[in-house]
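Trainee: Could we go through this model together, please? I would like to start with the overall fold and then look at one helix.

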Amino acid sequence: NNSGYPKSDLDFIIIATATPDYPVPGTSPLVQEKLGIPKCGVMDVRSACCGSLTAFVTAIQYLQTGHYKTVAVCGCDVGSIFGNLDKDSDTYTREDFVNAMMIGDGAGAVILRGFDEDEEPHGIEILYYGFSSIGLGKKPGMW
């Protein structure tokens, strides 16, 4: 909605996450369903820290070939599952603190659109981007 671009025009959705809700199905068809897009290509990327960049580069390659016209790339992780975030807990350790600082809960999305050679502007236009994160001391989970 924030991009001003109709979600029905999305051709492809790439989700990068190292913390999917389920091993199968992937996260991308679940996002497609939540968005209410009946026909759209989807792909999950699981490359840990470099997952969002891998998804972004993959999207650009699809746009450059002209295979897809509009691609949504989403990076999302729930890193709080990897440690104890209760600072008042007797079992809270320095490692938990480091994990909480380095592997947080968050999500971000970008919508990319490719243009044909005879269209202006030529190349790839970023229509929208956004990021979200919660900080240390918050209850684990998505907000």
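Predicted model: local features only at pLDDT ≥ 70, side-chain atom pairs only at ≥ 80, totals over all residues.

Trainee: How many helices and strands does the protein have?

Mentor: There are three helices and five strands, taken as DSSP runs (helices H or I, at least four residues; strands E, at least two) and numbered from the N terminus. Along the sequence the pattern is β-α-β-α-β-α-β-β.

Trainee: And what percentage of the residues count as buried?

Mentor: Of the 143 residues, 31% do; buried is under 20% relative accessible area, exposed over 50%, and partly exposed in between, with a 1.4 Å probe and protein chains only.

Trainee: Turning to α2, what span does this helix reach?

Mentor: Helix α2 covers residues 51-65, and its 15 residues reach 21 Å from first C-alpha to last, close to the 21 Å expected at 1.5 Å a residue. That expectation is 1.5 Å times one less than the number of residues.

Trainee: Which residues of α2 are buried?

Mentor: Gly-51, Ala-55, Thr-58, Ala-59 and Leu-63 are. Seen down the axis of α2, they fall within an arc of 135°, so they line one face of the helix. The arc is that of the directions from the helix axis to the C-beta atoms.

Trainee: What about the face turned away?

Mentor: That face of α2 carries the exposed residues Leu-53, Gln-64 and Thr-65. Just after α2, Gly-66 takes a positive phi of about 85°.

Conventions. Residues numbered from 1 in each chain as written. Heavy atoms only, no water.
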